[in-house]
Amino acid sequence: MSNSEKDLAPLLQRDYTEGFVTDIDSETLPPGLDEDVIRTISEKKNEPEWMLQWRLGAFKRWLKMAPPRWAHLHHPPVDFQDISYYSAPKKRDLLDSLDEVDPKLLETYEKLGIPIDEQKMLAGVKVAVDAVFDSVSVATTFKQTLLDAGVIFCPISEALQAYPELVKQYLGSVVPSADNFYAALNSAVFSDGSFVYIPKGVRCPMELSTYFRINEMNTGQFERTLIVAEEDSYVSYLEGCTAPMRDENQLHAAVVELVAMKGAQIKYSTVQNWYPGDENGKGGIYNFVTKRGACRGQGAKISWTQVETGSAITWKYPSVVLEGDDTIGEFYSVALTNNYQQADTGTKMIHVGKNSRSTIISKGISAGKGQNAYRGLVKVLKGAENARNYSQCDSLLMGDQCGAHTFPYMEVKNPSAVVEHEATTSRIGEDQLFYCRQRGMSEEDAVSMIVNGFCKEVFKELPMEFAVEAQKLLGISLEGSVG
Amino acid sequence: MTEITQHYLDQFNAASAGLAGRGLPWLDDQRQAAIELFARSGFPGQYEEDWRYTPLKPVIGKLLHIKVDNDIADTDISDYLVAGLDAYRLVFVDGRFSPQYSDTSGLQDCIVMNSFEQSVARNPELFTETMRSEVPLSNGFAALNVAFSTDGYVIEVAENVKLDKPVEIIFIAVNSDLATQPRNIVHMGKFSQAVIIERYVSSKQTGAVVNSTSRISLDEGARLGYYLVQTQANDASQISSVDVNQGKSSWFGCYTLTLGGQLVRNNLRVSLQAEGAHCDMLGLYNTGGKQHVDNHTTVVHAAPHCTSRELYKGVLDQRSRGVFHGRIKVEQGAQKTDASQSNNNLLLSPNAEVDTKPQLEIYADDVKCAHGATIGQIDQNSLFYLRSRGIDEKDARALLTFAFLNEVLDEIELEPLKQSMESILAERLIADE
Amino acid sequence: MLSIKNLHADIEGKPILKGVNLEIRTGEVHAIMGPNGSGKSTLANVLAGRDDYEVTSGSVEYRGMDLLDMEPEIRAREGVFLAFQYPVEIPGVTNMYLLKAAINSVRKHRGVEELDAREFLKLIKEKAAMVEMKQEFLYRSVNQGFSGGEKKRNEILQMALLEPHLSVLDETDSGLDIDALKIVAQGVNLLRSEQRSMVLVTHYQRLLDYIVPDYVHVLAGGRIIRSGGKELALELEQKGYGWVEDQAAA
């Protein structure tokens, strides 16, 4: 029986176990977006006036903008008046203790394997968690422990109350309110997200993590995350996302801003597992995200690691502006598109400072009818003496219906810069599979092993507890393969 | 509508009645459709993704005159010849075919046309057959070319014919501020073989613009070596569009050598349409002053078992800028494709700039595709090594730059052309600084 | 051990094997020789269960089981080992990881306890020494950047580790210089035992100088046209394949 043309994609198929709906009373604004909606959101959060004005300013700019069309993505236009911009579980006051969290919410996070009980650990490690449910943060763990070390980790809505000056100083300083269409929308309507502040010289004592969950129907999630690392500090931050299985597409448009001062290091890891839609391409999250970090001082380092397995549409380019001398930017990415998923993702590395260095490792896996594009910009400005970049973008194709695309842009204005880009395309060969099977491994294990080998350079950048989840997502057995 | 667009529309209205081939209904229709498209679209702008790195100002920033009369300027052809190159020769002066400088005697089994006027007079059926097929009007430049073109070379190499000598076509710009619109066609019959050298030169300081199109098709087993050599003066500009369709097991070797011009934008599109087709695309650019060289290449793998290889190397000095945009597209079903693409750049000056965009778009899984791009400077270790052996820095730099370009130079199979390129480069690299 | 009866196999609709019959008893070493394109590699791959080959008729019985009915990995776990003519490269997967995954899937199938990291390490070091493979190769990606000889040595290492009942060595000698050939042959000879059968597929006689077979078969045109003892190989060396082909045709 000859089946050398056989489709390997089903071997990557997995059930979306996070697709359940939590039955909880929510207060949800009716669909639609105008100034009143923005005023209502701001009022609900009891925001200072400048925050409201900032939102309204962004909204005015947004009204004049059009969604970007340059990405290698195809989807029907999003009706922005058909989305609800705010939804929160009822009866929520500022919580002093986790005991007051609605048990249904606790149960939800339990089911997702997210420890919002401080006694529980993630993969044997203590991790502080901020749990964002639709438009609001419902719980943040280890707040006090962290405060003792001087670290602020709280919902951004709370930070606006408790540390308004800090927020005002940095919000929009990396991603301006009208940076692009989706960032402007987010700036106008963002509801919650995490705020992290690491003071000078502090090494954050544990991993911080935010877990995003969309639950309500017809609701968009627009979270905003701001991380500020003062001189010589260090933080590792993890982000996870899931949503119920629904036939409608839902919108997620987040903004993440990172600020690293002199000698500071921020490591930002994402495992994105939004609902990808079913095998016929129905439903799924539209994920339009703006993530950018600024290495403001000499020797600062920002490292993005992402594993993108979910979402019907992914549009995101976590970037680093290397402003200081001797700064380092890194981007490690695994993006998987199966069935009808589409991803257009990559990074921007903007070299401003002298001796700034950046590394880009991108691994795209396309299966089924999935379309996977890497898009990246490496820009070396005139003053960036001795800037260095190395980019490597590899694609793995499984089946003859999918697509893998690579769109690197390199703009160099300094002759002492060295910029290198390499890309290859391969597939899981029948001969590789047969070889593994001849050594006694099942076909599924062989595919997993090969995919794992392909992604290895990225997985090794993930914190251990996230590497576990990432590999599970790719249907990979773990043993001995990481490290 | 901008003033510039209106300027060209006015010229068309004034000239159209006298353009060669007037009265051939299909040609009149072609011209009319093209000028209407141009009126609608105008010139491409930098907000368009495909043109974002191309500053078109030298071309569209001034109101150029389009030559519609038939006068041929006098010029000294010997200034433009490549020493030792033995070839059949077609010469166009300011876009007009010049029989006086051309020499195709002895060229057999090959149909050559040069100006529309002569071709219509000699054999209107053949002219119609060759030129009629739809020209893809991808942008305002292509549209202008079709609307105004009156001259250009057409070469049809018959089945199984192997040309004994290369065919050299020289386009010379002599008069100032002229825009010329050569429209060229090459058709290679089954298993035929030829080498074509298309050269663009200018007498100093003309500010002339050439807006050329070349359509090339290769039938089964045909082999064509095609050289596009651009050595015009530094104030002349060119927009060139080369469109290639390859049949089964054909070979197309394309050499784009750009040393001159203020703004040179080369659009090269190769479509591999049947099994076993192979193309090699080599590019070399060396610029200084405020030159801008923009190579925009697309290879479409539309059939299985085709291979393509692309290597572009550039050296940028002073305030010049090099742009490379390469795209490999592997269509669904084009299994067993083997495609590679690489672009390497050397920046010699703090004010030079390179923008490179190598792209892969792949819709088939059993393929081997790789691309790479580098931007860097002369290796300091090598420089030091040479200096420590007693070579002065300037010579050492020239030597290393030369070595960098050698990878492409070595592939030029026409020895006289290679030597001519080498001597231009040598002169420049030593004269630098 | 192995009983092949009237085996026919196609590749892409083209018949390659046209009625192969072969009996191999436990502990025997058989060499299958033949000119290029005679179907030697096809036979080896059909035994291992490669998808590209379609068995159109005939049967293969292996230790009382219907071999053709088994998936490739089941055959492997039951003790059929194919040393590939062209071992594949698997980027990012270390040799060590592949070997461990393989040996444990075989052990699990056989109902033996899986090896832990320490036991595995001990075993692998011992086997690597046997085929004179440097330890650094264990930590490199499978066959990536290996020379021809290193790849073949890696195949023998895997064979030593998996301890198969039936080993099929497909052109293991091709592309090897004499020193590499000796090392590979030495590894094979060490694994030779009363309990293990082997099939050596080869074009040249020289491998048989180092691994002496019990029987030699000549495969040509998809059939075994002549069988004999080890002296047949020498005769072939002197007279060439044309000699047996002519005889068979006559």
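This is a predicted model: local features need pLDDT of at least 70, side-chain atom pairs count only at pLDDT 80 or more; totals for chains, interfaces and linings use all residues.
Biologist: Which of the two pairs of chains in contact shares the most contacts?
Modeller: Two residues count as in contact if their C-beta atoms, placed from the backbone, lie within 7 Å. Chains B and C have no contact, and their closest C-alpha atoms lie 15 Å apart. Of the two pairs that do touch, the one with the most contacts is chains A and B.

Biologist: Which strand gives the most to the side of chain A that touches chain B?
Modeller: That contact takes 30 residues from chain A and 31 residues from chain B. Strands here are DSSP runs (E, at least two residues), helices are runs of H or I with at least four, and both are numbered from the N terminus. On chain A, E21 (388–398), E22 (403–412) and E23 (418–427) each supply at least two residues. The top contributor, with 10 residues, is E22(A).

Biologist: In E21(B), what is the bridge partner of A:Glu422?
Modeller: Strands pair if DSSP finds at least two bridges between them. E23(A) and E21(B), residues 368–376, run antiparallel and are joined by seven bridges. The partner of A:Glu422 in E21(B) is B:Gly372.

Biologist: Over to chain C: which element supplies the largest share of the side that touches chain A?
Modeller: Here 24 residues of chain C are in contact with 24 residues of chain A. Helix H2 (72–77), strand E7 (90–94) and helix H3 (95–109) of chain C each supply at least two residues of that side. The largest share, seven residues, comes from H3(C).

Biologist: Which strands stand at the edges of the four-stranded open sheet in chain C?
Modeller: The order is E2-E1-E4-E5, with antiparallel pairing. An edge strand has a single partner strand, so one side of it is left without a neighbour in the sheet. The edge strands are E2 (14–24) and E5 (65–66).

Biologist: And which residue in E5(C) stands opposite C:Tyr62?
Modeller: E4(C), residues 53–62, pairs with E5(C) in the antiparallel sense over two bridges. Opposite C:Tyr62 stands C:Met65.

Biologist: What is the radius of gyration of chain C?
Modeller: Chain C has nine helices and 12 strands, and its C-alpha atoms fill a box of roughly 60 × 40 × 35 Å along the principal axes. The radius is taken over C-alpha atoms, and the globule rule is 2.2 Å times the number of residues to the power 0.38. For 250 residues a compact globule would come out near 18 Å, which agrees with the value for chain C, 18 Å.

Biologist: Last one: how are H1(A) and H2(A) oriented to each other?
Modeller: Helix H1 (residues 35–44) and helix H2 (residues 49–63) of chain A pack with their axes 10 Å apart, at an angle of about 150°. Axes are lines fitted to C-alpha atoms, for helices over the stretch in contact, and angles run from 0 to 180 degrees between N-to-C directions. Under 35 degrees counts as roughly parallel, over 145 as roughly antiparallel, 65 to 115 as roughly perpendicular and the rest as oblique. H1(A) and H2(A) are therefore roughly antiparallel.

Key. Residues are numbered from 1 along each chain as its sequence is written. Chains are lettered from A and ligands numbered from 1 in the order in which they are written.
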